[in-house]
Amino acid sequence: MASTPTFQLYNTLTRRVDPIEPAEQTADGTPHLRFYSCGPTVYAFAHIGNFRSFLTADLIVRTARALGWDTTYVTNVTDVGHLTDDDMTDPSGEDRMVKALRSKEGQRFANIWDLARYYTEALLRDWRALNLQEPDVRPRATEHIRPQILAVQQLIENGHAYETSQGIYFSVESFPDYGKLSGRGQDAEALVEGAAAQSRDVVTDPDKRDPRDFALWKKDDAHLMQWHSPWGWGFPGWHIECSVMANEYLGPSIDLHAGGEDLIFPHHECEIAQAESLSGEPFARYWAHTRFLQVEGEKMSKSKGNFYTVRDFIAPEPEGRDLDPLALRLTLLSGQYRKPFNFTFDTLRDNVRHVQRLQDVDALVDDAMAEDAPGDDFLGERLDALYDKALAALCDDLNTPAAIAAALEGAKMLGGVGSNLNGATARRAKDWLDQINALLGIIRHDETPASADDPEEEGLDVQALIDERDAARAAKDYERADALRDALQEMGYEVMDTPEGTQVRRQVRI
Ligand SMILES: [Zn+2]
């Protein structure tokens with residue numbers, strides 16, 4: 001590598017692009033990044049906008065590891081306490097999980113625990129399919145109730161929280177830095193007006209001391225998920241879960257915290273207030289936020305019919321469009337995380353082709369390695385330069401368009417050489433493809449996705465049909481060969497006759 005680039009990200013807290021300098025180093029001097037990224041609330045299938053934000057976290061981890069850093073990566077699952085109006089200043093409304101259970105889709109679940117389990121498992125399947133790195137820890141809010149209760153108790157003892165007949169509230173007045181992340185929250189009147197404009201039925205607790213105060217614990221002995229606390233039966237607020245779980249797995253003062261831009265206020269502002277009031281230390285030094293995506297130039301919404309979950313694309317037909325999940329991954333990465341991103345079907349189609357090209361080149365290189373033709377490596381230096389370019393682009397505030405362009409340029413170069421690749425060049429090319437894949441995850445899965453419709457298993461069936469078709473053609477049984485071609489097409493493959501025999505590739509149906 002030419003020289004190690006400096007990893008820089010836009011820091012919402014300082015409002016500038018900052019070099020990331022982890023506070024800790026391992027015994028041998030390796031930087032150790034301690035990183036927390038807010039995960040989803042598991043009341044529905046995750047949509048493509050959620051995953052764009054999870055992909056930002058994934059790229060941060062991949063970039064840090066490519067730089068040789070040690071990482072501890074924590075991302076949570078919110079399975080209790082996220083209220084429908086939590087995006088308002090006054091957390092009220094209904095628990096999203098409870099609301100989902102009462103909906104039409106919710107009727108197939110035995111109870112709320114069953115619903116949480118189902119959508120958590122769906123999330124993990126989508127996560128693996130889109131080739132996101134597994135976090136070191138994926139804590140669930142419902143499995144961390146006791147430390148949340150203890151944190152609330154401590155906040156009461158420190159004078160940062162108080163009790164009313166409805167719950168326990170954090171006293172914003174007790175934390176003068178409230179608003180330092182978002183620039184919001186200092187002016188109570190403006191906040192209340194803003195909240196009222198957004199929601200007609202903001203339920204306010206008349207005993208709250210300040211309209212900005214937010215719930216740490218809700219008293220509710222009728223809630224479907226409830227725990228016993230010093231304040232009776234109830235459940236924790238959404239914000240306290242992340243402060244507590246970040247502290248549990250990463251310590252009171254962490255390097256980097258990430259999430260979608262909708263979390264800046266109030267969620268992350270509240271996390272800071274809680275965590276810093278508990279520890280007296282700065283909570284996170286860097287904050288990275290992913291912009292929302294639009295679909296075909298419009299805000300994604302169910303009423304507009306342009307709302308897409310991950311499974312709408314990757315699930316087998318008829319439920320989904322049977323798209324290569326790596327093509328969806330590449331599409332979601334194709335715009336830089338901090339810029340508004342317009343998801344279009346044209347971009348998706350382009351990226352299906354890009355992933356196909358990378359995979360074709362990967363196969364070409366495998367063949368050339370197997371053949372091992374004599375000769376010296378003649379591409380290694382140019383490929384190394386392209387890898388350096390890709391890594392430098394990601395270090396530059398995750399400039400994914402530039403990193404992807406470098407990867408595609410390398411693929412084009414290798415494709416151009418084609419069957420003239422000698423063994424030495426192919427081995428260098430394979431190393432390059434492995435490096436690019438470790439960085440961007442767009443050529444093949446780091447781990448084989450484990451699911452009922454395992455592509456490997458399907459691969460076996462497909463290969464059997466291909467072999468049978470080649471045998472039929474060799475025996476001049478064209479009727480049988482045509483029937484087998486139809487069967488492959490039926491399974492969603494494009495069938496090509498080549499001098500090497502039958503070749504197939506996934507049909508694009510988007
Ligand atoms: Zn969070």
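This is a predicted model: local features need pLDDT of at least 70, side-chain atom pairs count only at pLDDT 80 or more; totals for chains, interfaces and linings use all residues.

Reader: Which residues of H11 are buried, and what covers them?

Author: The buried ones are Leu-383, Leu-386, Tyr-387, Ala-390, Leu-391, Ala-393, Leu-394 and Cys-395. Their cover includes strand S1 (8-11), helix H1 (48-66), H12 and H13.

Reader: Why is Leu-439 called buried?

Author: A residue is buried if 20 or more other C-beta atoms lie within 10 Å of its own, exposed if 12 or fewer, and partly exposed in between, with C-beta atoms placed from the backbone. Leu-439 has 21 other C-beta atoms within 10 Å, so it is buried. This residue lies in helix H13.

Reader: What is Leu-439 in contact with, beyond its neighbours within four places in sequence?

Author: Contact is called when the C-beta atoms of two residues, placed from the backbone, lie within 7 Å. Leaving those neighbours aside, Leu-439 meets that rule with Arg-62, Ala-66, Ala-390, Leu-391 and Leu-394. Leu-439 and Arg-65 are 374 residues apart in sequence, yet 8.6 Å apart in space, C-alpha to C-alpha.

Reader: How do you know that helix H10 reaches the span expected of it?

Author: H10 (residues 345-371) has 27 residues, and its first and last C-alpha atoms are 39 Å apart, close to the 39 Å expected at 1.5 Å a residue. Its buried residues include Leu-348, Asn-351, His-354 and Leu-358, and the buried residues pack against helix H9 (325-333), helix H12 (400-417) and helix H13 (423-440). After H10 comes Asp-372, with a positive phi near 50°.

Reader: What makes the passage of H10 and H13 a left-handed crossing?

Author: A crossing is left-handed if the near helix is turned anticlockwise from the far one by less than a right angle, and right-handed if clockwise. H10 passes H13 in the left-handed way. The two axes come within 8 Å and cross at roughly 140°; axes are lines fitted to C-alpha atoms, for helices over the stretch in contact, and angles run from 0 to 180 degrees between N-to-C directions.

Reader: Which residues make that contact, and how do they divide?

Author: H10 gives Asp-362, Val-365, Ala-368 and Met-369, while H13 gives Gly-423, Ala-426, Arg-427, Ala-429, Lys-430 and Leu-433. They divide into 6 nonpolar, 1 polar and 3 charged. Here Ala, Val, Leu, Ile, Met, Phe, Trp, Tyr, Cys and Pro count as nonpolar, Asp, Glu, Lys and Arg as charged, and the others, Gly among them, as polar.

Reader: Why are S6 and S9 edge strands in the open sheet of 5 strands?

Author: The order is S6-S7-S8-S10-S9, with antiparallel pairing. Strand S6 (161-163) and strand S9 (227-229) each have a single partner strand, so one side of each is left without a neighbour in the sheet. On average, neighbouring strands here are turned by 35° against each other, direction ignored.

Reader: How do you know that S6 and S7 pair?

Author: Two strands pair if DSSP finds at least two bridges between them. S6 and strand S7 (residues 167-170) have 3 bridges and are antiparallel, with Tyr-169 in S7 as the bridge partner of Tyr-162. Further along, 4 antiparallel bridges join S7 to S8, and 3 join S8 to S10.

Reader: What makes strand S12 mostly covered?

Author: In S12 (residues 284-290), 6 of its 7 residues are buried. S12 pairs with strand S11 (residues 254-260) in the parallel sense over 6 bridges, and Gly-259 has His-289 as its bridge partner in S12.

Conventions. Residues are numbered from 1 along each chain as its sequence is written. Helices (H or I, at least four residues) and strands (E, at least two) are DSSP runs, numbered from the N terminus. The expected span of a helix is 1.5 Å times one less than its number of residues.
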